[in-house]
Amino acid sequence: MNKQISFDDLCTIIDLTSSTMDNYMFVCDLVNHFHFYISKTATERFVFDNHDIEDFSKAISQFVYPDDLPALVQDMKESVLDPSKNSHNMIYRWLDKNNRPIWINCRGILVKDEKTRPLYLVGCINEIGVKPKADNVSGLLRDTSLLTYLNGVDNVHLEGYILRIGVDDLRGINARLGMEYGDRVLRIIAKCINNCLKNGECFYRIDGDEFIILNLHDPKIDNAILLFNSIQNEVESYMERNHYEVVFSVSCGILSSEDIEDYSYSNIMKLSEFALTQAKTHGKNTCSIFNRKKYQNSLKERALLIELRKAVDDNFRNFDIYYQPLYNQDHSIYGAEALLRFYSLEFGYVSPSIIIPILEETGLILPIGNWVIEKALTTCKNMQQYIPGFKVSINISYVQVLKIDIVKEFLSVMKELDLSPTNVIVELTESGYLESNYRHLQTWQRLKEAGISLALDDFGTGYANFHYLDELKPNIIKIDRSFVNRAMDNDFEYALLKNLSKLSKELDLNLCIEGIETKEECSKILQLKPTYCQGYYFGKPYPYDVFKQLYLGDLCMIK
Ligand code: C2E
Ligand code: MG
Ligand code: MG
């Protein structure tokens, strides 16, 4: 090492070069109180404000992540004191401007005098957590470069479009054919896209399996769709030319400049991700144009989820259960269906058809489901004082069946309340799950063995397999209001309902027709002689106190 070079010379070199690099050069004077000098750009990134630090040994506790301090001190002692060592090379963490730990690799060499005494440690700090600016797989610039590009964009006069393209099921390709094959697919797609681009269109590789194309000078959204179609064609013809050696497709989310008020990187990524996710959920190999209303609904769902979580943590605050009366053929009440209600502080009452899917997706249905079971069974027990034999019908989600032992839950609450299983009905929605999923079948069987009645809810709305009526033998089939609606204005649908009613009698199953709203509907439905009826005509869902007042004693007979 050149021992004549001075500390000040090294500082000058650092000053001269700091703007030409992303990492940070430094020098530490080991003779004079560990005087530490680093590239000025480091002050924009790390917690310290001054790049000229008089005594490194005193200052390190302020900017080195506390957990890593003992190891650093030890390493410094060994590097500096051990004459056989010539360098320092350590990976540890510094604190950024927000006091968050940032991984760095600090590498330095020791400049020694003629007696091999160390004078300076000179080296470079590299942030090792940062993303590279380019991608060697696709040969494209990466999202970090997109960020730099967008930072320089003038928001006001832009008219154009952005396409976010994702490879469909790259994870599956990786799993089946290996990561290298997946990389090859990414390379091919990048090439196909490149072949379709015009001058002035920018193209970047985004994390994972995605790409972004920007054209900020063409206001015609139709051209964005045409571009995507040409990419699809290019991909297809590549596969054809290669005799379908690999088969893959792409989906695309499109943003137009009208949708973008703010061209910040984070906003563009947020909106384009939403559009691409829409395309993927619509079956893949397709494109979806950003829809602000749908996006706002998804934001509403997110806000609702936060509220739902808080409400669950806060002892089920703002949740309630309403009870809708269930009637026998002779117009006497035999029980009630327990229906979940949620009052949102931001949106008011929110329908269960909106909240149940959110609860299912997040697993919150598990604590809420248990809460419903406990509350509804308690209500059932209380109601028996007024209406002997009163039954409660409880909706159970497939997520509850898959994730917890609901039979155990029912049995333990029933035992605690001394409630007979003959007073309990469990409603499960008709779906392919019931027929094919082992856990569903097992739960169904165990509920039956426990003496609990089973109702097949929403019958006739989606998946309908008449075979399993005989195999599963539910105690009740519940016909959804949508079916009833259709049967009211359509002779064919009415005949279908009539035959279903006949079939259920032959199979010895009880039919409950839901959603009867008017007198006319009621008289037409009653001609089919269903075992049970339910609907606004008979009674709406009410809070427990109101239900109790309305349906006690004489009031429980519809006149
Ligand atoms: P579902 O189990 O089929 O419940 C019947 C739905 O029809 C209820 O809607 C009820 O208020 C409504 N309804 C009853 N009679 C009439 C009528 O005459 N006309 C009209 N237009 N509607 C009528 P709700 O309370 O909005 O619940 C919707 C769905 O949410 C339920 O359908 C059920 O699948 C689900 N759900 C409700 N509570 C729970 C719960 O605690 N757990 C689970 N997993 N799902 C629940
Ligand atoms: Mg139901
Ligand atoms: Mg139903």
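Biologist: What do the buried residues of α4 pack against?
Modeller: This is a predicted model. In it, the buried residues of α4 pack against α3 (56–63), β4 (87–95), β5 (101–112) and β6 (118–127).

Biologist: Which residues of α4 are buried?
Modeller: Leu72, Asp75, Met76, Ser79 and Val80 are the buried ones in α4. They cover an arc of only 120° around the axis, so they sit on the same side of α4. Pro70 and Leu81, on the other side of α4, are exposed.

Biologist: And how far does α4 reach from its first C-alpha to its last?
Modeller: It reaches 18 Å with 13 residues (69–81), close to the 18 Å expected at 1.5 Å a residue.

Biologist: Next, the metals. Which protein donors does the magnesium ion (ligand 3) have?
Modeller: Asp457, through OD, and Glu514, through OE, lie 2.1 Å from the magnesium ion (ligand 3). Asp457 sits in strand β19 (residues 453–459), while Glu514 is in the loop between β21 (510–513) and α20 (519–526), so the pair links distant parts of the chain, 57 residues apart.

Biologist: Are those two buried or exposed?
Modeller: Asp457 and Glu514 are both buried.

Biologist: How far apart are ligand 3 and ligand 2, the magnesium ions?
Modeller: They are 3.7 Å apart, and Asp457 coordinates both.

Biologist: Moving to α19. What covers its buried residues?
Modeller: The cover includes β19, β20 (476–479), α18 (481–489), β21 and α20. The buried residues themselves are Glu493, Tyr494, Leu497, Leu500, Ser501 and Ser504. Seen down the axis of α19, they fall within an arc of 120°, so they line one face of the helix.

Biologist: Which residues are exposed on the other side of α19?
Modeller: Asp491, Phe492, Lys502 and Glu506 are exposed there.

Biologist: What span should α19 have?
Modeller: Its 16 residues (491–506) should span 22 Å at 1.5 Å a residue, and the end C-alpha atoms are 22 Å apart, which agrees.

Biologist: Which residue caps the N-terminal end of α19?
Modeller: Asn490 does: one of its side-chain oxygens is 2.8 Å from the backbone nitrogen of Phe492. Just after α19, Asp508 has a positive phi of about 65°.

Biologist: How many bridges join β9 to β12?
Modeller: There are 7 between β9 (residues 161–167) and β12 (residues 250–256), and the two strands run antiparallel. One pairing is Arg164 with Gly253, the latter in β12.

Biologist: Last one, Thr286. Where is it?
Modeller: Thr286 is in the loop between α9 (265–281) and β13 (287–289).

Biologist: What is Thr286 in contact with, leaving aside neighbours within four places in sequence?
Modeller: Thr286 is in contact with Phe228, Gln232, Val250, Ser251, Cys252 and Ala279.

Biologist: And how far apart are Thr286 and Gly515?
Modeller: They are 38 Å apart in space, C-alpha to C-alpha, and 229 residues apart in sequence.

Terms used
Residues are numbered from 1 along each chain as its sequence is written. Chains are lettered from A and ligands numbered from 1 in the order in which they are written. This is a predicted model: local features need pLDDT of at least 70, side-chain atom pairs count only at pLDDT 80 or more; totals for chains, interfaces and linings use all residues. Side-chain values use heavy atoms; hydrogens and water are left out. Donors are N, O and S atoms within 2.8 Å of the metal (3.2 Å for Na, K and Ca); water is not among the atoms, so sites may look incomplete. Helices (H or I, at least four residues) and strands (E, at least two) are DSSP runs, numbered from the N terminus. Buried means under 20% relative accessible area, exposed over 50%, partly exposed in between (1.4 Å probe, protein chains only). The expected span of a helix is 1.5 Å times one less than its number of residues. The arc is that of the directions from the helix axis to the C-beta atoms. Contact means heavy atoms within 4.5 Å. A polar contact is a pair of N or O atoms within 3.5 Å; within protein, one must be able to donate a hydrogen and the other to accept it, and residues adjacent in sequence count only if both atoms are side-chain atoms. Two strands pair if DSSP finds at least two bridges between them.
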